[in-house]
Every structure is written in C-alpha cells, then in structure tokens.
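My entries follow in the order I made them.

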Amino acid sequence: MRRLIGWIFMLGVIVAGELRADETSPLVVILMGPPGSGKGTHALPLSERLQIPHISTGDLFRDNIRKETPLGKLAKSYMNQGNLVPDEVVLGMLFARIEQPDCKKGYILDGFPRTIAQAKALDEKIRKTCQLAVVNLQISDSLLIERISGRVSCKSCARCFHTKYNPPKNPSKCDSCEGTLYQRDDDKAEVLTKRLEVYHEQTGPLVAYYQKTSGVLREVDASQPKEIVLQAVVEAANVGTLALN
Ligand code: AMP
C-alpha cells in the first residue's frame with residue numbers, strides 16, 4: 001500500500017511538472033502559405049491577441065534594404081528575381097531576432113521556414129523549450145495572382161491593403177500611420193510567377209514535413225472572407241479560448 005501511495009505521489013509530481021512546463025514554455029506559431037495567402041494580414045491581429053511579436057523575414061529583409069545595409073543589398077539581389085535568400089543568411093538574421101527579450105513568451109513566424117533545411121534548423125533550436133503550432137493557409141494560384149496584383153504595402157509600417165478588396169481610405173497613404181503606399185517590386189507579375197514556382201518547389205514540401213515530424217500542422221481555407229479566416233487561424237493556433245470580438 002505504501003509503495004502504491006509512493007508511486008501515485010511520484011506520478012503527481014511528474015504531471016504537475018509537465019503542466020507547469022507547458023504553461024510557461026513559449027508558444028511559437030508558424031504561419032505558412034504561398035505569397036498572398038494572407039500570412040501578414042492575419043499575423044497582425046493574431047499577434048495582438050496572443051501578445052507575442054509578429055516576425056516576418058520578408059519585412060526584416062525589406063527593412064535592411066531600406067537602410068541599405070550589406071544584408072539588405074545581398075537579400076535584394078535574390079528577392080528581385082523571385083528567388084529565396086540563402087538559408088544561412090536567413091537563419092543568422094532570424095535567430096538573432098528571436099533571441100530578443102520581446103520573444104521570451106513566444107512569437108509568430110511569417111515567411112519562415114521556407115525550406116526543409118530552415119525547418120530542421122528551427123526544430124533543433126526550439127524543440128526542447130517551446131510549444132509549436134503550424135497553420136497552413138491554403139489557396140489556389142489563380143486567386144493569389146488576383147490578390148497580389150492589387151496589393152499595396154506601407155513603406156513605414158509594412159501594413160498591406162488591396163486596391164479592390166481592402167482599399168485604404170486614401171489610395172496613396174496608410175490608414176494606420178499615414179506612410180506612403182507602394183507596390184513591392186516582387187509583387188509585379190513577372191517576379192510573382194517565379195515566386196509561386198519557388199514556393200511550390202521549395203516550401204510546399206514543408207506541409208508533409210510538419211505533418212510527419214510533429215503532427216502540429218493545421219489547415220485553414222484562406223479563400224474564405226477575411227474575418228472567417230482569422231477566426232480559423234486563431235483556433236488553429238490553439239488559442240480557441242481567446243474570444244474574438
Ligand atoms: P515575403 O515578404 O515573405 O513574401 O518575402 C519576400 C522575399 O523575401 C521572398 O520572396 C524571398 O526572396 C525573401 N525571403 C523571405 N523570407 C525568406 C526565407 N525564410 N527564406 C528565404 N528567403 C526569404
């Protein structure tokens with residue numbers, strides 16, 4: 001009997017420890033999906049609800065391009081061709097970012113990982129310390145082309161609008177910060193076709209990777225109206241308890 005009580009006590013200690021570790025371990029949400037599927041659009045409200053930062057590798061590169069840093073110059077030569085920036089460059093930049101103090105409770109990744117090598121490097125780095133949720137935004141190429149060709153982005157805060165589906169109040173100014181709106185070079189038709197090709201070849205296989213390795217991948221139909229997609233993204237990121245109002 002005493003031995004049984006001892007076992008039950010030990011089990012209780014282990015379970016309590018597991019629960020505590022889970023509550024306190026940072027939440028990493030990976031928003032996956034082709035260019036134009038709405039990763040950036042949904043990452044912003046998700047970040048507000050979860051109170052963790054939104055990290056877009058594309059935005060980090062564009063920031064470096066604006067500041068004309070060596071990293072920006074290097075990245076631009078790949079981005080303007082619709083190609084991926086080499087893994088080691090992306091990994092160095094991203095890992096430096098997630099070590100910042102604001103990432104202690106977790107973060108939302110938008111546009112990363114984009115290759116199996118990047119996913120493996122991330123797994124290696126966070127596997128033992130974080131909870132992971134991977135949300136895949138699914139959408140057809142034809143809808144993407146329509147969405148991206150009308151997309152305009154803010155030069156200051158990177159917020160995106162669509163000239164037809166989500167128009168800014170003033171066609172040349174951002175509703176949030178009054179920054180100037182522009183069409184990204186890589187959103188122009190000729191580069192976009194290449195980006196979609198690269199997506200299907202190099203990033204597409206990540207869906208199977210996450211299904212196989214961790215079973216944490218959840219699919220969301222991104223062709224639905226914005227509010228419905230956001231609701232699904234919030235639930236898929238495992239925060240269904242946070243009410244959407
Ligand atoms: P995005 O804003 O996410 O569409 O990214 C714009 C461009 O930045 C991509 O087409 C790539 O050239 C580059 N880029 C962003 N994230 C990555 C990444 N994780 N790996 C490689 N290149 C990236």
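I began with Arg-66, which I found in helix 3. Helices here are DSSP runs of H or I of at least four residues, strands are runs of E of at least two, and both are numbered from the N terminus. The model is predicted: local features need pLDDT of at least 70, side-chain atom pairs count only at pLDDT 80 or more, and totals for chains, interfaces and linings use all residues. Residues are numbered from 1 along each chain as its sequence is written, and side-chain values use heavy atoms, with hydrogens and water left out.

A polar atom of the Arg-66 side chain lies 3.3 Å from the backbone oxygen of Lys-155.

Next, the ligand. I noted 16 residues around the ligand, and Thr-57, Arg-62, Asn-83, Gly-111 and Arg-114 come nearest (near means a heavy atom within 4 Å). Helix 3 (residues 57-66) gives the largest share of this shell, 4 residues. By class I listed 6 nonpolar, 5 polar and 5 charged residues.

Then the atom pairs. A backbone N or O atom of Asn-83 is 2.6 Å from a ligand oxygen. A polar side-chain atom of Arg-114 is 2.9 Å from a ligand nitrogen. For Arg-184, a side-chain N or O atom lies 3.3 Å from a ligand oxygen. The ligand on its own has 480 Å² of accessible area, and the protein covers 96% of that (Shrake-Rupley method, 1.4 Å probe).

Strand 5 (residues 151-154) pairs with strand 7 over 2 bridges (DSSP must find at least two bridges for a pair). Tyr-182 in strand 7 is the bridge partner of Ser-153.

Last, Asp-187. I found Asp-187 in the loop between strand 7 and helix 8 (189-203). Asp-187 counts as buried because its relative accessibility is 1%. Which residues does Asp-187 contact, leaving aside neighbours within four places in sequence? They are Ile-148, Arg-151, Leu-192 and Arg-195 (contact means heavy atoms within 4.5 Å). The side chains of Asp-187 and Arg-195 are joined by a polar contact of 2.8 Å (a pair of N or O atoms within 3.5 Å; within protein, one must be able to donate a hydrogen and the other to accept it, and residues adjacent in sequence count only if both atoms are side-chain atoms).

Notes. Nonpolar A, V, L, I, M, F, W, Y, C, P; charged D, E, K, R; others polar. Buried < 20%, exposed > 50% of the residue type's maximum accessible area, 1.4 Å probe, protein only.
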